[in-house]
Amino acid sequence: MRYRVNNRTGDKVSEIGFGSAYIYEAGTKAAVEAIRRAYDGGINYFDMASGDGRAFPMYGEALPDVRNNIFYQIHFGADYSRGTYGWSLDLDTVKRSLDKQLHDLRTDYIDYGFIHCQDEDSDWETYQRNGVYDYLMKMKEEGVVKHTGLSSHTPSVIQRIMDEAQIDMLMFSVNPGYDYGQGDYAHGGVDERSEIYKRCEKEGVGISVMKPFSGGQLLDAKRSPFGQALTPFQCIKYALDKPGVLTVLPGAQSVAEVDELLSYYDKTDEELDYSVIGSFAPPQANGKCVYCNHCKPCPVGIDIGLVNKYYDLAIVGDTLAKEHYSTLEKKASDCIFCGHCDSRCPFSVKQSKRMAEIKSFME
């Protein structure tokens, strides 16, 4: 397992986390075994937006002895007070649900307390008016909540809440379908979504990725908006390549499924290559680097994807990006303009021309 650091909190978070949407369907024995296998395999970040409250006692049974080694992402607004999942902006309901979750998890604190499922401006206005956000911040002041987060599918709402609230982690739906305007939660255009990634990286806000497979749609050629299936590993790699992303949260219901997810680290570069999506990118995405590194190998050894990422971050004001760039062994100035990368880029990026731009700005 590899880990990434949340610059807001200092927490080392596993690149592959664990989503809990359907774990309860496995039954207690299988679920407990799967959760424990995830932990033993290095997963330390668990999202608790489950489809049913039965999931919480399963975690309470699986992980009580390692509670201080893991992170729970718990949602203020996900209602389990009646057992099944509901969404509520009522303060008393939120309190009852949280009490039940903490009891079932056998814990007395929350690592990341989330402003839950804010997809409309009116959701955020109601959340504040009803006192739910104030309650979250009170719990943080008391030390029950360690850090705060936000879950949303809508870039414009994310931007507003990040302007107005304290956010240490964002839960955002990241996959090539949504980023290219395909799917039920494909909110925001290519550039709007890109701005979220870059803002989070610049401000040190980590991103935990929900719906990395677009609800399974991207894994099924018949349902995929691209007309062909991607693998789970291509989708995970795609998300992890985005600025700001710390962890991807696929679900699993058995030890075998957990082991399959963990095999991500055994895959070859060819198996992780998601450049096929370039064939289906909308016109507004044409000519924009997505850091896929399909252009490798560079004859002089430039990490073209990383150089592009640092440049994109630097031009929006991320001072650390320039510092990171300065430590690279090979920079844009080493480009010999051979055109190899231009011929291989599935997104029609003129990388050799871009290297000249990057050199001028970064060096």
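Colleague: Which residue lies over the face of Tyr109?

Modeller: A charge sits over a ring if NZ of Lys or CZ of Arg is within 6 Å of the ring centre and within 35 degrees of the ring normal. Here Arg67 lies over the face of Tyr109, 4.0 Å from the ring centre. Lys211 lies likewise over the face of Tyr185, at 4.7 Å. The model is predicted: local features need pLDDT of at least 70 and side-chain atom pairs 80 or more, while totals for chains, interfaces and linings use all residues. Residues are numbered from 1 along each chain as its sequence is written, and side-chain values use heavy atoms, without hydrogens and water.

Colleague: How many aromatic pairs does the whole structure hold?

Modeller: Rings of Phe, Tyr and Trp (its six-membered ring) pair if their centres lie within 6.5 Å; planes under 30 degrees apart are stacked, over 60 edge-to-face, the rest tilted. The search finds 18 pairs. One of them, Phe56 with Tyr80, is edge-to-face, with 4.8 Å between centres and 65 degrees between planes. Phe56 belongs to helix H2 and Tyr80 to the loop between strands S5 (78-79) and S6 (86-87), so the pair ties together parts 24 residues apart in sequence. Helices (H or I, at least four residues) and strands (E, at least two) are DSSP runs, numbered from the N terminus. Both Phe56 and Tyr80 are buried (under 20% relative accessible area, 1.4 Å probe, protein chains only). Ring pairs also link Phe18, Phe46, Tyr59 and Tyr72 into a cluster.

Colleague: Which residues of H2 meet H3?

Modeller: Contact means heavy atoms within 4.5 Å. Phe56, Pro57, Tyr59 and Gly60 in H2 meet Gln101, Asp104 and Leu105 in H3.

Notes
Buried < 20%, exposed > 50% of the residue type's maximum accessible area, 1.4 Å probe, protein only.
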